[in-house]
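Here's a quick briefing to read alongside the model. Have a look at the fold before you dig into the points below.

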Amino acid sequence: MASATAVQDVKALQEERTQLFKDVFDGKIPKRVPVSPSLTIEFAIQYAGKDLAEVQWDYQLLEEVYEKVCQDFVSDTNPAAMNLRNPIFYKLLGARNFVMSSGGFMQHPEIHGLEAEEYDDFIASPYDCIMEKILPRIYTELNESPGKRSIAFGKAFKAYYDELFAALGVIGKLTDKYGYSPLGGIELLTEAPFDFVADQLRGFKGITGDLRRCPDKVEAACEAALPLMLKQGTPNHPPSKYGAAFIPLHMAPYIRPKDFEKFYWPTFKKLVDGLADKGQPSMLFVEHDWMRYIDYLYELPENTRMWFEYGDPKLVKEKLGKKHIITGFYPIGLLKTGTKQQCIDKAKELIDILAPGGKYYFGFDKGVITADSVNVDNLKAVLEYVAENANY
Amino acid sequence: MDTKYYKTWEAYIAEHPEIDEKLIPVMAPKIQSYEEMMFGFVMMLLM
């Protein structure tokens, strides 16, 4: 009987937490400010005292690791973050773009898979170019004979989905066990077309040179990438206004405003608009400082979710807060250097700025990547403070 | 999407007229789901 009551309590808690996010996403004022920290798998493994590389290679250990995070940190969403960089499929493919360091972190060396003189191939048929030119350049096991390539691809495909579904199973189980909201996280990953062309096709150095050397090609490549990014951000089931395509924004702060206007913004806007037209909201990680582009962000479809790293929270609230949904800004660096009271005061300050009128949920300025990058007592204190005090 | 590496169900069935019509309702979602999984995997390799 006690067990049945406990299950009912957890179910009620889950419904209450889910309602908080529904209200935020519907533009209603929730009962209180929802809390959604971003604790990475690396943080979770280190916090649980496990070996970083070993757990990433053996997901049998994942439940214990995630469970400890769920037990110790207050959150309205499951704090156990999905690992996008499982090392197994990268290793099977001989990846040059994501390589595990001796310490167990997945490192991302600067690489490029598309040569400048190959832009026309990409523009003519981006997916064919990816399969035939780009992937074999980035993944050494795909630069082999057709037979070897097929075997490598088959193994990596299976490993990717085996590990993905295993992790999702653990996360889903803990979400129900601890009564977390299934809403408020991310569903799919896609990219702004310019970022897609920049990140692994041309690389940071390549794309910045291309903006001067062959601007027309860059512009056409972004247009060519757009349908792929739209497809990647669209779920295979009917979209929900509570779902989200996660779009981490990379390059905009590093290029000139006139280049942003011409090369970055047009296809990015088309992507977010196109997803919204299908009923799929976007969740942007507004990486670095976008304050000079804040008026552009306003133009995106209503209720676009924006997770801010740096910038002016007051300006964001004033310019975007009535139209879009805001999270982020809390500097995780303070969790390392500040006193408990300073950390709580910072949370109060941000809530005072960002919470009025709703359309806000509490989050940090970036994912917490290592256990020693924060004082975990401060982290716990801040999450508890917000969950217990940020009532409307 | 104009590519030889991704097929919609419509394109697939056009190339396979031998498929029994009564199997189409059960085959279509399965074949298409693997197509979508492969697309998602390929894109993930570049994200």
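On one side of helix H16 of chain A, Asp377(A) and Glu388(A) are exposed. Keep in mind that this is a predicted model.

**Helix H16 of chain A**

- H16(A) covers residues 376–389, which makes 14 residues.
- Which residues of H16(A) are buried? They are Asn378(A), Leu379(A), Val382(A), Leu383(A), Tyr385(A) and Val386(A).
- Looking down the axis of H16(A), you'd find those buried residues within an arc of 160°, so they line one face of the helix.
- The buried residues of H16(A) pack against helix H14 (332–337) and H15 of chain A.

**Domains of chain A**

- Chain A splits into domain 1, made of 1–82 + 166–182 + 330–391, and domain 2, which runs over 185–327.
- The C-alpha centres of these two domains of chain A are 25 Å apart.
- Where they meet, 17 residues of domain 1 of chain A are in contact with 16 residues of domain 2 of chain A.
- On the domain 1 side of that contact, the elements giving two or more residues are helix H1 (2–26) and helix H15 (340–354) of chain A.
- By class, that domain 1 side has eight nonpolar, five polar and four charged residues.

**What the record says**

- An unreviewed UniProt entry lists residues 192–388 of chain A as "domain: Uroporphyrinogen decarboxylase (URO-D)".
- In the model, residues 192–388 of chain A are 54% helix and 9% strand, and the end C-alpha atoms of the span lie 37 Å apart.

**Chain A against chain B**

- Chain A puts 20 residues in contact with 16 residues of chain B.
- On the chain A side, two or more residues come from each of helix H7 (126–138), helix H8 (146–178), helix H9 (193–213) and helix H10 (215–232).
- H7(A) gives the most to this side, with six residues.
- Sorted by class, the side of chain A that touches chain B has 13 nonpolar, four polar and three charged residues.

Notes:
Residues numbered from 1 in each chain as written. Chains lettered and ligands numbered in written order. Predicted model: local features only at pLDDT ≥ 70, side-chain atom pairs only at ≥ 80, totals over all residues. Domains from an automatic or database assignment. Contact = placed C-beta atoms within 7 Å. Helix = DSSP H or I, 4+ residues; strand = E, 2+ residues; numbered from the N terminus. Nonpolar A, V, L, I, M, F, W, Y, C, P; charged D, E, K, R; others polar. Expected span 1.5 Å × (residues − 1). Buried ≥ 20, exposed ≤ 12 C-beta atoms within 10 Å, placed from the backbone. Arc of directions from axis to C-beta. UniProt positions renumbered as here; feature names shortened; annotations may be inferred.
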